[in-house]
Amino acid sequence: MAAMALALDFRIWLRSADATQPSPVSRPTASAFSPETPLYPLEGEIAEGWELSQPLWVTVDREEDGYYVLSDDLFLVYGEGATFNDALRDYVVSLIDYYQLVAAEAKRSALDQALFGRLRRYLRPAAA
Amino acid sequence: MARNPGEISRCLQSKFDFAPAKNRSPDHQWYELHLPGLPTILTKLSHGKKDIGAKLEGKIARQLRVRTQFFRKMIDCTRSREDYYQQVRTDPYPPWEIRF
């Protein structure tokens, strides 16, 4: 896991002000983060060998000291860091960790199997 | 009141019977709790020594399926293990999405 390359040029784009229309903004990189929009869809290849097959919305919070905390409301995974990129990297690593843990639990519990099925609708190992 | 990950980790393990999970990231430690009739409860703590702020507290509380106030009482030892187990069964927050 430590050696895994995290592709930080994955796609994050600003949420369109008009949700009924496609966003006119072309897909910026993670460096185009705007603090005015605290919710972002994450999708595509998020790390080497891992991809999101549909957007997963990530909330961006800040602690009082400016520390970043990113999280999703579906799987309750969070990432943290001194910078947005650090927190995003931490979130991606945590999400993959979570996938592997739930996958292991799914082998012995029908309840976790259902959770794993839901998780796999979003995150899965990229096709070789 | 700021808390550090070590304090929370010790409390979760010694008082609430969470066990370290076999995650692979060297930066985090996940903890798991198996309760009959519920999906596995998983929560993550980072290895860093930085105290946990209010936002992070909220995220951890959510992973434990309780509100932040209840989580604080867990760590402050004013909520027992039975209180917590009862809480996640009767009033989990956020609610369990899986319906059987």
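User: Strand β3 of chain A, residues 68–71: which of its residues are buried, and on which side?
Analyst: In this predicted model, both faces of that strand are covered. A:Tyr68 and A:Leu70 are buried on one side, and A:Val69 and A:Ser71 are buried on the other.

User: What does β3(A) pair with on the β2(A) side, and in which sense?
Analyst: Strand β2 of chain A, residues 50–62, pairs with β3(A) in the antiparallel sense, over 4 bridges.

User: How many residues sit between β2(A) and β3(A)?
Analyst: The two strands form a hairpin with 5 residues between them. In that turn, A:Gly66 has a positive phi of about 95 degrees.

User: And how does β3(A) pair with β4(A), parallel or antiparallel?
Analyst: Antiparallel, over 4 bridges, with β4(A) covering residues 78–81. Here A:Leu70 stands opposite A:Gly79 of β4(A). β3(A) and β4(A) also make a hairpin, with 6 residues between them.

User: Which residue in that turn has a positive phi?
Analyst: A:Leu76, at about 65 degrees.

User: Which residues of chain A lose the most area to chain B?
Analyst: A:Leu76, A:Tyr78 and A:Leu111, which together account for 26% of what the chain A side buries. A:Leu76 is also the turn residue with the positive phi between β3(A) and β4(A).

User: How many salt bridges cross between chain A and chain B?
Analyst: The rule finds 3 across the interface. One salt bridge between the chains joins the side chains of B:Lys59 and A:Asp61, at 3.0 Å from N to O.

User: Let me look at B:Ser46. Where does it lie?
Analyst: B:Ser46 lies in strand β3 of chain B, residues 41–46. B:Ser46 counts as buried because its relative accessible area is 16%, and the cut-off for buried is under 20%.

User: What does the B:Ser46 side chain make a polar contact with?
Analyst: The side chain of A:Glu80, at 2.6 Å. Leaving aside residues up to four places away in sequence, B:Ser46 touches A:Glu80, B:Pro5, B:Asp27 and B:His28.

User: Now salt bridges overall: how many over all chains?
Analyst: The count comes to 12. Among them is a pair in chain A, where the side chains of A:Arg108 and A:Glu105 meet at 2.9 Å, N to O.

User: Are A:Arg108 and A:Glu105 buried or exposed?
Analyst: A:Arg108 counts as exposed, at 55% relative accessibility, whereas A:Glu105 counts as buried, at 7%.

User: And in chain B, which residues are linked in a network of salt bridges?
Analyst: B:Arg3, B:Glu7, B:Glu57, B:Arg72 and B:Asp76 are linked that way. B:Arg3 forms a salt bridge with B:Glu7, where the closest N and O atoms are 4.0 Å apart. The side chains of B:Arg3 and B:Glu57 also meet in a salt bridge, at 3.4 Å from N to O.

User: How many residues apart in sequence are the parts that B:Arg3 and B:Glu57 tie together?
Analyst: They're 54 residues apart, because B:Arg3 lies in the segment before α1 (5–14) of chain B and B:Glu57 lies in helix α2 (residues 54–63) of chain B.

User: How accessible are B:Arg3, B:Glu57 and B:Glu7?
Analyst: B:Arg3 counts as buried at 3% relative accessibility, and B:Glu57 is buried too, at 5%. B:Glu7 is partly exposed, with a relative accessible area of 25%.

Methods. Residues are numbered from 1 along each chain as its sequence is written. Chains are lettered from A and ligands numbered from 1 in the order in which they are written. This is a predicted model: local features need pLDDT of at least 70, side-chain atom pairs count only at pLDDT 80 or more; totals for chains, interfaces and linings use all residues. Side-chain values use heavy atoms; hydrogens and water are left out. Buried means under 20% relative accessible area, exposed over 50%, partly exposed in between (1.4 Å probe, protein chains only). Two strands pair if DSSP finds at least two bridges between them. Buried area is the accessible area (1.4 Å probe) that two parts lose on being put together, summed over both. A polar contact is a pair of N or O atoms within 3.5 Å; within protein, one must be able to donate a hydrogen and the other to accept it, and residues adjacent in sequence count only if both atoms are side-chain atoms. Contact means heavy atoms within 4.5 Å.
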